Amino acid sequence: MDWKTSLDWYCSGNILDEEDLQILENQYQQIIQNRIFDNSFELAPKHICNQTKIPEESTWISAIAIVLDRLRP
């Protein structure tokens, strides 16, 4: 799965395995280290924001950070 699919999978009530968590972690680290500027800064869909309990119109990277904080404190 790619990182968006992994995040959507989690927000649909499924459990992420270690490989999916690593995909999210890699995406997050690449963005933080300014290696990539893809669609991570686009607004996440409403259902992703609602499931991660972040304000609507938050970015994908915000949703990734919240999920990683929950699953890898």
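Predicted model: local features only at pLDDT ≥ 70, side-chain atom pairs only at ≥ 80, totals over all residues.
Student: At what angle do H1 and H4 pack, and how far apart are their axes?

Tutor: Angles under 35 degrees count as roughly parallel and 65 to 115 as roughly perpendicular. H1 (residues 3-11) and H4 (residues 60-71) pack at about 60 degrees, their axes being 11 Å apart. The crossing of H1 past H4 is left-handed.

Student: Which residues make the contact?

Tutor: H1 contributes Trp3, Lys4, Leu7 and Tyr10, while H4 contributes Trp60, Ala63, Ile64, Val67, Arg70 and Leu71. Sorted by class, this H1 contact with H4 comprises 8 nonpolar and 2 charged residues, with no polar ones.

Student: How do H2 and H4 pack?

Tutor: Angles over 145 degrees count as roughly antiparallel. For H2 and H4 the angle is about 130 degrees, with the axes 10 Å apart. H2 is therefore oblique to H4. H2, too, passes H4 in a left-handed crossing.

Student: Which residues of H2 and H4 are in contact there?

Tutor: On H2 they are Leu21, Leu24, Glu25, Gln27, Tyr28 and Ile31; on H4 they are Ile61, Ile64, Ala65, Val67, Leu68 and Leu71. The classes here are 10 nonpolar, 1 polar and 1 charged.

Student: Where in the chain is confidence lowest, and where is it highest?

Tutor: pLDDT is the predictor's confidence in each residue, from 0 to 100. The chain average is 90, and 93% of the residues score at least 70. Confidence is lowest in helix H2 (residues 18-32), with a mean of 92, and highest in helix H3 (residues 46-52), at 96.

Notes. Residues numbered from 1 in each chain as written. Heavy atoms only, no water. Axes fitted to C-alpha atoms, helices over the stretch in contact; angles between N-to-C directions. Helix = DSSP H or I, 4+ residues; strand = E, 2+ residues; numbered from the N terminus. Left-handed = near helix turned anticlockwise from the far one by under 90°. Contact = heavy atoms within 4.5 Å. Nonpolar A, V, L, I, M, F, W, Y, C, P; charged D, E, K, R; others polar.
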